[in-house]
Amino acid sequence: MPAPVLSGPQYLREGLKLVLSPGLRLFVLLPLMINLVLFVGLIYLAGHQFSLWVDTLMPSLPDWLSFLSYLLWPLFVVLVALMVFFTFTMLANIIAAPFNGFLAEKVEIVVRGTDEFPAFSWGELIAMIPRTLAREMRKLGYFLPRAIGLFILSFIPVVNLIAAPLWLLFGVWMMAIQYIDYPADNHKLGWNEMLAWLREKRWQSLGFGGIVYLALMIPFVNILMMPAAVAGATLFWVRERGAEKLVAEQG
């Protein structure tokens with residue numbers, strides 16, 4: 001078995017293979033198209049506003065410290081890029097939530113060997129919309145207070161130097177929550193129970209969240225990586241939960 005923190009790339013790689021397989025391609029097309037439209041729109045907006053956003057966040061320095069602006073500018077470029085990334089990911093996952101929950105359900109069917117070509121049902125997909133959107137609102141309730149705190153921190157001189165690394169760490173954790181929650185919710189695991197389980201699997205969760213975070217930062221590649229992350233998270237759920245049950249039975 002790989003070290004816990006190194007298992008993330010393996011799950012994402014296997015997830016990508018799964019969503020490209022003939023039996024699951026149909027379930028990927030709709031969220032893929034939604035993500036593409038949203039991504040192009042956000043790139044267009046960011047392309048016109050990026051410099052303004054960076055200049056707004058950059059602290060005003062006295063003339064005798066003006067040389068520091070050349071050192072600080074890359075840091076604030078990274079900060080704005082992280083904030084744009086969060087916005088895209090949050091919107092894309094809210095809109096595509098029913099499709100992602102549906103995909104996670106079908107991936108689990110394939111992984112468990114129940115059916116290699118699960119049937120597509122519009123009725124089944126529509127029935128998932130209220131539950132999956134309610135769960136996304138719960139994630140949003142977890143995300144927003146922390147994101148607002150980090151956003152405010154970004155405007156406090158000197159202290160805002162640590163904003164970028166904190167955004168990065170928070171982003172990695174949120175990626176684990178965002179995607180592993182799809183199979184967890186399909187199994188009716190409560191929100192607090194899901195968070196507690198991820199904390200128990202802290203290093204595995206951060207390893208998976210970290211590789212997903214990196215993959216989603218790559219323009220256009222991230223569009224395909226979103227469904228791959230759903231599939232990888234489902235593999236994470238099946239194997240990690242299965243390992244726990246095996247240990248419990250042996251104990």
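Asn186 is found in helix 5, where helices (H or I, at least four residues) and strands (E, at least two) are DSSP runs numbered from the N terminus. The model is predicted, so that local features need pLDDT of at least 70 and side-chain atom pairs count only at pLDDT 80 or more, while totals for chains, interfaces and linings use all residues. Residues are numbered from 1 along each chain as its sequence is written, and side-chain values use heavy atoms, with hydrogens and water left out.

With a relative accessible area of 16%, Asn186 is buried; buried means under 20% relative accessible area, exposed over 50%, and partly exposed in between (1.4 Å probe, protein chains only). Thr132, placed in helix 4 (residues 122-153), also counts as buried, at 4% relative accessibility.

Contact means heavy atoms within 4.5 Å. A polar contact is a pair of N or O atoms within 3.5 Å; within protein, one must be able to donate a hydrogen and the other to accept it, and residues adjacent in sequence count only if both atoms are side-chain atoms. The table leaves aside neighbours within four places in sequence for the contacts of Asn186 and of Thr132.

| Residue | Contacts | Polar atom pair |
|---|---|---|
| Asn186 | Gly101, Ala104, Glu105, Met128, Arg131 | side chain of Arg131, 3.4 Å |
| Thr132 | Ala97, Pro98, Asp185 | backbone oxygen of Met128, 2.8 Å |

Helix 5 (residues 163-186) packs against helix 7 (residues 202-216) at an angle of about 100°, and their axes are 7 Å apart. Helix 5 is therefore roughly perpendicular to helix 7. Angles under 35 degrees count as roughly parallel, over 145 as roughly antiparallel, 65 to 115 as roughly perpendicular and the rest as oblique. Axes are lines fitted to C-alpha atoms, for helices over the stretch in contact, and angles run from 0 to 180 degrees between N-to-C directions. Residues making the contact include Trp167, Trp173 and Tyr179 of helix 5 and Phe208, Gly209 and Tyr213 of helix 7.

Confidence is expressed as pLDDT, the predictor's confidence in each residue, from 0 to 100. The protein averages a pLDDT of 81, and 78% of the residues score at least 70. Among its elements, helix 6 (residues 191-200) has the highest mean pLDDT (95) and helix 2 (residues 25-57) the lowest (73). Where pLDDT is low, predicted coordinates should not be read in detail.
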